[in-house]
Amino acid sequence: MFSGFSHVNSKNLKIIIVGNGKVGHTLVEQLSKEGNSITVIEKDASVIADIDAQYDIITIRGNGASYNTLKEAGVEEADLLIAVTGSDELNLLCCTLAKQFSKCAAIARVRTPDYSQETAYLRDKLSLAMIINPELESAREMARILYLPTALQVNTFAHGQAEMIKLKIPVGNILDNTTIADLGKKISSKILICGVERNGEVSIPSGAFSLKADDTIYFTAKRDEARKFLKSIGVFTKQVRNAMIVGGSLSSYYLANELLHTGIDVHIIESSPKRCDELAVLLPDAVIINADASNQADLLSAGIKDMEAFVPLTGIDEENILLTLFAKRVSKAKVITKIGRINFSDVINDLDLGSVIYPKLITSEAIIAYARALRASRSSEIEILYHLFDSRAEAIEFRIKVSSPVVGKPLKDLSLKSDLLIAFINRQGRIIIPSGADTIEIGDTVMIVTTHTGLNEIRDILK
């Protein structure tokens, strides 16, 4: 998933973040929490004052594309530079300058579709560790959910061969009052339930754990086994046939493009006639409707009642929430709600908003995974990291590169940390839901689910 690794001996990284919008702020919060030394470059004095009051970091007011500003920020000694300003060009320029004057790894946020089609070329030619597009990554996550609409979330591992699926157990379902140990007797599918949330409490379940209706669970399985399991417990698994998207943003374009390629009919509602004309050219197979989605009559006349999926992608959280609640009242559509801010996650969780997507968390997960991999030894590296249950648990896929204390020993003989579970082992494309007799070997990728945060390498699973 990543390229351009350079081994860092120090456990604490020196990281420069250029830009402190929503993604930059999230990165400051999470990377500083993990003990890294953070310097933020930001033009807006009021933004600097705000983060100075919240975090023990260094802040510099200035232009991240200026060599003098980068030098003041310590770029020559930095391990990692992350450019997440609102300008793609500025982000690429910041990274290019940093690479000219230091050996640091560099990550750029790039949103424009033209650049996104050239990601591999730009990353290679500019020697960047990563180019990340929050809107595109969010669209891919939303599309995965609409391919499996009963899921609240679908994350992929092992290059798409394994999935982690978030599901709320319906009332009266076969899983209600079933222990994890008894699940195998009732269901033949090879799945592993690796996280449960009940009444706000998150558990990594043991065999004696009894599932209840309204629990939110995460389970892992091979892609085909996941669908067999859902079918066996009476959960609908066919992808939606049509979707209505509100707003003509970049996110809407990326999502529509993903859905159209899989044969899903797409209707986009956009209030700007000019943007409607642009979308009609960019997405000739979509139905573009010039209407005001905040007007209930317009939504009804656009056919919301007949839609199997409804995704509001306006730039205003409150509007997205209201549109979702209206859609749930007048239709049976699968709904996905995009939220830009996470300050009120507890309130949001109390609302019936279907699948909730936080683009800035999707962006930060990939960057945090890279930062942790930089901190780790050469024995393993992080392939993918996902935050679960509002960041109260993590799912991490490690690639095993050389021998370490976990290699070659039966899992039952390893002294694993509590609240930690080995969800699967990927051995040359074969997904193993592990038993105590299985072992981790060099060349495997291994997925760990845990409520512990900050695991950098595979040996960190041991007590």
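Hi everyone. Two strands count as paired if DSSP finds at least two bridges between them. Keep that in mind as we look at this structure, which is a predicted model.

Let's start with an open sheet of six strands. Its order is β14-β13-β12-β15-β16-β17, and the pairing is parallel. Which strands stand at the edges? They are β14, residues 287-290, and β17, residues 355-357. Each has a single partner strand, so one side of each is left without a neighbour in the sheet. On average, and ignoring direction, neighbouring strands here are turned by 20° against each other.

If you want to find one on your screen, look for A309, whose bridge partner in β16 is K334.

Now, which helices pack on this sheet? One of them is α10, residues 250-260, which touches β12 (242-246), β13 (265-270), β15 and β16. The direction of α10 makes about 170° with that of β12. Another is α13, residues 317-330, touching β12, β15 and β16. For α13, the direction makes about 170° with that of β16.

Next, a pair of helices. Two packed helices are described by the angle between their axes and the distance between the axes. For α7, residues 134-147, and α15, residues 359-375, the axes come within 9 Å and cross at roughly 105°. Angles of 65 to 115 degrees count as roughly perpendicular, and α7 and α15 are therefore roughly perpendicular to each other. Who makes the contact? From α7 we have P134, E137, S138 and E141, and from α15 we have P359, I362 and T363. Sorted by class, that contact has three nonpolar, two polar and two charged residues.

Let me stay with α7 for a moment. How far apart are its end C-alpha atoms? They are 20 Å apart, which agrees with the 20 Å that its 14 residues should span at 1.5 Å a residue. Is α7 mostly covered or mostly open? Mostly covered, with 12 of its 14 residues buried. Among the buried ones are P134, S138 and E141, and those three also take part in the contact with α15.

Now over to strand β22, residues 445-450. Six of its six residues are buried, so β22 is largely enclosed by the rest of the structure. In a regular strand the side chains alternate between the two faces of the sheet. Here T445, M447 and V449 point one way, V446, I448 and T450 point the other way, and all are buried.

What does β22 pair with? One partner is β19, residues 393-400, in the antiparallel sense over six bridges. Another is β20, residues 420-427, also joined to β22 by six bridges and running antiparallel to it.

D390 sits in the loop between β18 (380-388) and β19, and has a positive phi of about 55° although it is not a glycine. D419, in the loop between β19 and β20, is not a glycine either, and has a positive phi of about 55°. How accessible are they? D390 is partly exposed at 34% relative accessible area, and D419 is partly exposed at 42%.

Conventions:
Residues are numbered from 1 along each chain as its sequence is written. This is a predicted model: local features need pLDDT of at least 70, side-chain atom pairs count only at pLDDT 80 or more; totals for chains, interfaces and linings use all residues. Side-chain values use heavy atoms; hydrogens and water are left out. Axes are lines fitted to C-alpha atoms, for helices over the stretch in contact, and angles run from 0 to 180 degrees between N-to-C directions. Helices (H or I, at least four residues) and strands (E, at least two) are DSSP runs, numbered from the N terminus. Angles under 35 degrees count as roughly parallel, over 145 as roughly antiparallel, 65 to 115 as roughly perpendicular and the rest as oblique. Contact means heavy atoms within 4.5 Å. Ala, Val, Leu, Ile, Met, Phe, Trp, Tyr, Cys and Pro count as nonpolar, Asp, Glu, Lys and Arg as charged, and the others, Gly among them, as polar. The expected span of a helix is 1.5 Å times one less than its number of residues. Buried means under 20% relative accessible area, exposed over 50%, partly exposed in between (1.4 Å probe, protein chains only).
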